[in-house]
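Please set out what can be said about the two chains of this model, their folds and the way they meet.

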Amino acid sequence: MTSPVMATARSASASAAANDPLTNVQLKYRTQAVAKPYFVAAIGLFVGQIVFGLIMGLQYVIGDFLFPAIPFNVARMVHTNLLIVWLLFGFMGAGYYLIPEESERELHSPKLAILTFWVFLVAGALTIVGYLAVPYATLAQMTGNDLLPTMGREFLEQPTITKIGIVLVALSFLFNLSMTVLKGRKTSISMVMMLGLWGLAIFFLFSFYNPVNLVLDKYFWWWVVHLWVEGVWELIMGAMLAFVLVKVTGVDREIIEKWLYVVIAMTLISGIIGTGHHYFWIGAPAYWQVWGSVFSALEPIPFFMMTLFAFNVVNKRRREHPNKAAVLWALGTGVMAFLGAGVWGFLHTLAPVNYLTHGTQITAAHGHMAFYGAYAMVVMTMISYSMPLMRGREANSNAAQMVEMWSFWLMTIAMVLITLFLTAAGILQVWMQRMGDTPLSFMAGQDKIAFFYWLREASGVMFFIGLMLYIASFFIRGNERASA
Amino acid sequence: MSASFTKSTARNIFYGGAVFFFLLFLALTLDTVQALPKRDNRANLTEQVARGKKLWEVNNCIGCHTLLGEGAYFAPELGNVYQRRGPEFIKAWIKAQPTGAPGRRQMPNFHLNDAELDDLVAFLKYSSEINTNNWPPNIEG
């Protein structure tokens, strides 16, 4: 139930006094607070991801750094798996926070949500410890990979038992949210969120399909990877962004939900057949070069619309929300997703271009900015909006928000630099290794572009500083009130 | 957006578009699966290749290398390494790791026996004979 204080704070943006963000604000629904541990875990794992990113970045230029304690393949597995897991924690936290509020009722079972949290965290931590403590082949043996071999494929390196655990955690989470939605108000935002989350769980099941035939293996591996990040995850992202925009702008829900449907319609219209851009060179028929090129060339459109959507809605805002940082993240995620997923994706998606760039640093450049812009940033948008509320205030103090906004700019600019340096490295790699009459071998080419890897590593340090500031922003109290 | 374009229109485009394009994707997938026997070198999918693929997986080779362009970009493409280096070089190379050369990228030693090395090479040979529409552009991968 809405408390009187909350109601006042919400309706009276005209009155500065009533809009005191440091007033003791209560959550609309008590059980939304289960999102808090999820967000804390997400940020903690994010730090781990960046630490291992820095290790790998250094290994690119000082090849034997930390060898044999942490070989590159282990560091990379930890880096990418932590990314996936912290984003999943972020999505789950977002689900637990927004579904009760959209459904206008308490969460079906907060106890189950907390139990699920600990199961997921412990399983995730044990998996990472396993990666670091024993050789991967030993881990495969220890976890019974022989019974159902699913390990050793990019991003799906988790032991089979961990994968089963992920499915169980997802089912518990989806059961909890679905029961909440079924008994409560059904909004477009909650429907899209649930569709995205169910899709995430369903497409993950393809990770259990690992045929000996390499082409079939790769073909359906993309049903997890592509249909996640260029499919159902975008639904989750759209729903999270729409939810925050409804809250911070006060714009009519009908308008925001109309935008949401248009954006995600374009996502799936372009993105499903767009999977074909992964089928150019892995043994699938050549016609995928046409289907994949044409449809994936459309994939920037939904991201561009998302940017338009965010700016449009913020421009039409009917209230001045005191949480300026959340608005910044919401605008930023649109822009950076468009640049990283849209522009950098388009850069190498056409088959004749991809013939040269496939599997080079160009791919790495795109991957970094796309994941940061679309998914890391939308999770931080949600955290930025909801964390202060879960801590009893509508917004953080000016001082805390200032630090958070600094961290936004540091991390975002650092990611732009990482992307630019990797793009430069990638273009040179393609030029030296794949074009011309006397192509260089892989390692000879790598040596010549080490300069750009150093610049990338320096940008990575900048990103890490930004991340430390981000964390610091949670601990800054500040006496000054954020003015509306 | 104009007022005549309503939320329910947008919702219908979303559901209609998603269903239509997913069905189209399934149809293309069906056609692909039927076309694959002529392209994916399945005639040479022996027991040995299957063992080799498993070794490839449980040693996380994809964590540094690419295979048909997919994987990590830290070490050379291996989809055509069979043609680039030949079976004996590949086996000798794997056995000789790590090089220990200061400052150079290091590959761990995976302690594979001779039979396992043959399995792995068989898998790489099979992979190299998949019809990839002439990718990679040259022998350097």
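## Basis of the model

This is a predicted model, in which local features need pLDDT of at least 70 and side-chain atom pairs count only at pLDDT 80 or more, while totals for chains, interfaces and linings use all residues. Residues are numbered from 1 along each chain as its sequence is written, and chains are lettered from A and ligands numbered from 1 in the order in which they are written.

## Overall form of chain B

Chain B contains five helices and two strands, where helices (H or I, at least four residues) and strands (E, at least two) are DSSP runs numbered from the N terminus. Along the sequence these elements follow the pattern α-α-β-β-α-α-α. The radius of gyration of chain B, taken over C-alpha atoms, is 22 Å, well over the 14 Å that the globule rule (2.2 Å times the number of residues to the power 0.38) gives for 141 residues, so chain B is more spread out than a compact globule. The C-alpha trace of chain B spans about 70 × 40 × 30 Å along its principal axes.

The domain assignment, automatic or from a database, divides chain B into domain 1 (7-36) and domain 2 (40-128), and the C-alpha centres of these two domains are separated by 37 Å. For residues 47-128 of chain B, an unreviewed UniProt entry lists "domain: Cytochrome c"; such annotations may be inferred rather than shown by experiment, and the positions are given in the numbering used here, with feature names shortened. That span is 51% helix and 5% strand, and its end C-alpha atoms lie 17 Å apart.

## Local backbone features of chain B

Two cis peptide bonds can be located in chain B. The bond from Q97(B) to P98(B) is cis, with omega near -5 degrees, and P98(B) sits in the loop between α4 (87-96) and α5 (114-128). The bond from W135(B) to P136(B) is also cis, with omega near 0 degrees, and P136(B) belongs to the segment after α5 of chain B.

N134(B), found in the segment after α5 of chain B, has a positive phi of about 65 degrees although it is not a glycine. N134(B) is exposed, with 9 other C-beta atoms within 10 Å; a residue is buried if 20 or more other C-beta atoms, placed from the backbone, lie within 10 Å of its own, exposed if 12 or fewer, and partly exposed in between.

## Contact between the chains

The contact takes 59 residues from chain B and 61 residues from chain A, two residues being in contact if their C-beta atoms, placed from the backbone, lie within 7 Å. On the side of chain B that touches chain A, the elements giving two or more residues are α1 (7-35), α2 (47-58) and β2 (70-71), and the largest share, 14 residues, comes from α1(B).

## Features of chain A

In chain A the domain assignment gives domain 1 (27-186) and domain 2 (249-476), whose C-alpha centres lie 21 Å apart. In this pairing, 21 residues of domain 1 are in contact with 20 residues of domain 2, and α2(A) gives the most to the domain 1 side, with 14 residues.

Helix α3 (residues 72-103) of chain A has 32 residues. Of these, 31 are buried, so α3(A) is largely enclosed by the rest of the structure. Just after α3(A), E104(A) takes a positive phi of about 55 degrees.

Key
The expected span of a helix is 1.5 Å times one less than its number of residues.
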